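Good morning. Please have a look at the model on the screen before I start.

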Amino acid sequence: MTQWPYSHGCGLRLIFYLCGVLAVITAGLWSSVSSWRRRLGFAHILSQGLIIWGLVLAAREVLPRVGYAKVEGPWLCPDVAPK
């Protein structure tokens, strides 16, 4: 996710990026539950790391847009003025 090949600053690209981040968090939760049930300690630690990494990626995009950070970013892209 850190090498996402497209810009994801605003609009639909941001939504698709956040869907990808949600998939990372979901995969981490799924693997965490699975490894816990099978008593796989190292796999469980890796899945917890995956969950944390997904939350960091989400926070990096969401927090500036909800006013928590000094730099604010738009959710939707501004319209391009016709020439």
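Predicted model: local features only at pLDDT ≥ 70, side-chain atom pairs only at ≥ 80, totals over all residues.

Residues are numbered from 1 along each chain as its sequence is written, and side-chain values use heavy atoms, with hydrogens and water left out.

The chain has two helices and zero strands; these are DSSP runs, H or I of at least four residues for helices and E of at least two for strands, numbered from the N terminus. Along the principal axes, the C-alpha atoms fill a box of roughly 60 × 25 × 15 Å. Of the 83 residues, 25% count as buried, where buried means under 20% relative accessible area, exposed over 50%, and partly exposed in between, with a 1.4 Å probe and protein chains only.

Now the cysteines. How many disulfides are there? The count is one, a disulfide being a pair of cysteine sulfur atoms within 2.5 Å. It joins C10 to C77, with 1.9 Å from S to S. The link of C10 and C77 is right-handed, with 100° about the S-S bond. C10 sits in the segment before α1 (11-37) and C77 in the segment after α2 (41-62), so the pair links distant parts of the chain, 67 residues apart.

C10 is buried at 17% relative accessibility, while C77 is partly exposed at 39%. C19 is in no disulfide, and the nearest cysteine sulfur, that of C77, is 15 Å away. C19 is partly exposed, with a relative accessible area of 44%.
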